[in-house]
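Student: Could you take me through how the helices pack against each other? I would like one part looked at closely.

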Amino acid sequence: MTSDIAVTPYDALGGAPALHRLVDRFYELMDELPEAYAARRIHPESLVGANERLFEYLSGWFGGPNLYIEKKGHPRLRMRHVAYAIGPTERDEWMLCMRTALTEQVADEKLRDGLIHTFAQMADHMVNTGDRAGCGGGHAETGGQACAA
């Protein structure tokens, strides 16, 4: 007999303790890797607040408690990041840190690959400079194009 209960990414990762380890490692890498300089410089000197917010956001996004939404409402990621110039360099550096953290922290290859793919789409969506400044679209599946006409 098979179960019809879907396992969320939150549960598959190991819940809050595993998610904390992932987010902590992500920000350690952002601080440690010279290749992440452009992404790091758009963050405050202390990453404590960013760490907390990313944990809370990912908790809900991965199917766990909606901590971020309970505190701040809808994430509106592009709107909340509009004050920061996020170009392809910042996106790629952010993804380097996230991909490395996921590779180190997530043993399940299928889960890890799915998360990397999903994060890549989200990171691409966050680019807000150049021809994508002010664009609410720009997902990877559009072939990197700016807003659709």
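Tutor: Start with the contact between α2 and α4, where Ala16, Leu19, His20, Val23, Asp24, Phe26 and Tyr27 of α2 meet Ala50, Asn51, Leu54, Phe55, Leu58 and Ser59 of α4 (contact means heavy atoms within 4.5 Å; helices are DSSP runs of H or I with at least four residues, numbered from the N terminus). Nine of the residues in this contact are nonpolar, three are polar and one is charged (Ala, Val, Leu, Ile, Met, Phe, Trp, Tyr, Cys and Pro count as nonpolar, Asp, Glu, Lys and Arg as charged, the others, including Gly, as polar). The model is predicted: local features need pLDDT of at least 70, side-chain atom pairs count only at pLDDT 80 or more, and totals for chains, interfaces and linings use all residues. Residue numbers run from 1 along each chain as its sequence is written, and side-chain values use heavy atoms, with hydrogens and water left out.

Two packed helices are described by the angle between their axes and the distance between the axes. For α2 and α4, the axes come within 10 Å and cross at roughly 135° (axes are lines fitted to C-alpha atoms over the stretch in contact, and angles run from 0 to 180 degrees between N-to-C directions). α2 is therefore oblique to α4 (under 35 degrees is roughly parallel, over 145 roughly antiparallel, 65 to 115 roughly perpendicular, the rest oblique).

From α2, the contact takes in Arg21, Leu22, Arg25, Phe26, Leu29 and Met30; from α7, Trp94, Cys97, Met98, Thr100, Ala101, Leu102, Glu104 and Gln105. By class, the contact of α2 with α7 has nine nonpolar, two polar and three charged residues.

α7 in turn packs on α8, with axes that come within 10 Å and cross at roughly 165°. So α7 is roughly antiparallel to α8. The crossing in which α7 passes α8 is right-handed. On the α7 side, the contact is made by Arg91, Trp94, Met95, Met98, Arg99, Leu102 and Thr103, and on the α8 side by Arg112, Leu115, Ile116, Phe119, Ala120, Met122, Ala123 and Asp124. The contact of α7 with α8 holds 10 nonpolar residues, one polar and four charged.

How values were computed
Helix = DSSP H or I, 4+ residues; strand = E, 2+ residues; numbered from the N terminus. Left-handed = near helix turned anticlockwise from the far one by under 90°.
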